[in-house]
Amino acid sequence: MYNEVVMSRFQNPRNAGIITSADGVGQVGNVRSGDIMKIYLRVEKGMITNAKFKTFGGVAAIAATDVACDMIKGKTVEAALKITNQDILTLLGGLPEMKIHCTVLAQEVIADAVKDYHKKLEKDNKKKN
C-alpha cells in the first residue's frame, strides 16, 4: 500500500519532537478525521532554521509532516508558503488516493505556523515601539 520512502519516514521520522519557545507553531486537523498535525518553527532573520512536528495520525500523516519539515528548513518563511501539497506528494513518491488529504494538511500546517510566526513578530515589534 505504501512505498519505501513513506514507510521509512513513518518508521524513522527525522523531525519528530517539539521546539520549546518556538517562533511559530501551527496546528491543523481534527479528531473526527483522525489526523492532527502540529509543527514548530525556529526562525532566524526570516529563515527557517529548524522545524519539528507532533502528529496524531497514520502512516501517511506522519510521513507527510516529516517531509514537510525537511522541505521548509533553510527556506525563508515566504518560500515555505509556496510549498504545495503536490510538492510534498512528489517527495513522498506518491500516496494512495484516499491518503492524499494528508499532504494537504501538511501544506496547511506550514501556513498556520508561518501565520503564528508573523503574529508573534508583530506583537514583539509593537512591544519595542
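Student: Which residues does Thr-103 touch, not counting residues up to four places away in sequence?

Tutor: This is a predicted model, in which local features need pLDDT of at least 70, side-chain atom pairs count only at pLDDT 80 or more, and totals for chains, interfaces and linings use all residues. Residues are numbered from 1 along each chain as its sequence is written, and side-chain values use heavy atoms, with hydrogens and water left out. Contact means heavy atoms within 4.5 Å. On that basis, Thr-103 of helix α5 touches Ala-64, Asn-85, Ile-88, Leu-89, Leu-92 and Leu-95.

Student: Is Thr-103 buried or exposed?

Tutor: A residue is buried under 20% relative accessible area, exposed over 50% and partly exposed in between, using a 1.4 Å probe and protein chains only. Thr-103 has a relative accessible area of 0%, so the residue is buried.

Student: Which residues of α2 and α5 meet?

Tutor: Helices (H or I, at least four residues) and strands (E, at least two) are DSSP runs numbered from the N terminus. Helix α2 covers residues 59-72, and helix α5 covers residues 101-128. From α2 come Ala-60, Ala-61, Ala-64, Thr-65, Ala-68 and Ile-72, and they meet Cys-102, Thr-103, Ala-106 and Ile-110 of α5.

Student: How many residues of each class make up the contact of α2 with α5?

Tutor: Ala, Val, Leu, Ile, Met, Phe, Trp, Tyr, Cys and Pro count as nonpolar, Asp, Glu, Lys and Arg as charged, and the others, Gly among them, as polar. By class, the contact of α2 with α5 has 8 nonpolar, 2 polar and no charged residues.

Student: What is the orientation of α2 relative to α5?

Tutor: Axes are lines fitted to C-alpha atoms, for helices over the stretch in contact, and angles run from 0 to 180 degrees between N-to-C directions. Angles under 35 degrees count as roughly parallel, over 145 as roughly antiparallel, 65 to 115 as roughly perpendicular and the rest as oblique. The two helices pack at an angle of about 40°, with their axes 9 Å apart. Therefore α2 is oblique to α5.

Student: What is the orientation of α1 relative to α2?

Tutor: The axes of helix α1 (residues 4-11) and α2 come within 8 Å and cross at roughly 85°. Therefore α1 is roughly perpendicular to α2.

Student: Which residues of α2 make the contact with α1?

Tutor: The residues of this contact divide into 7 nonpolar, no polar and 3 charged. On the α1 side are Val-6, Met-7, Arg-9 and Phe-10, and on the α2 side are Val-59, Ile-62, Ala-63, Asp-66, Val-67 and Asp-70.

Student: How far apart in space are Ala-63 and Met-7, C-alpha to C-alpha?

Tutor: Ala-63 is found in helix α2 and is buried, with a relative accessible area of 0%. Leaving aside neighbours within four places in sequence, Ala-63 is in contact with Val-6, Arg-9, Phe-10 and Leu-92. Ala-63 and Met-7 are 56 residues apart in sequence, and their separation in space is 7.5 Å.

Student: How many residues of α2 are buried?

Tutor: Helix α2 has 14 residues and is mostly covered. The number of its residues that are buried is 13.

Notes. The expected span of a helix is 1.5 Å times one less than its number of residues.
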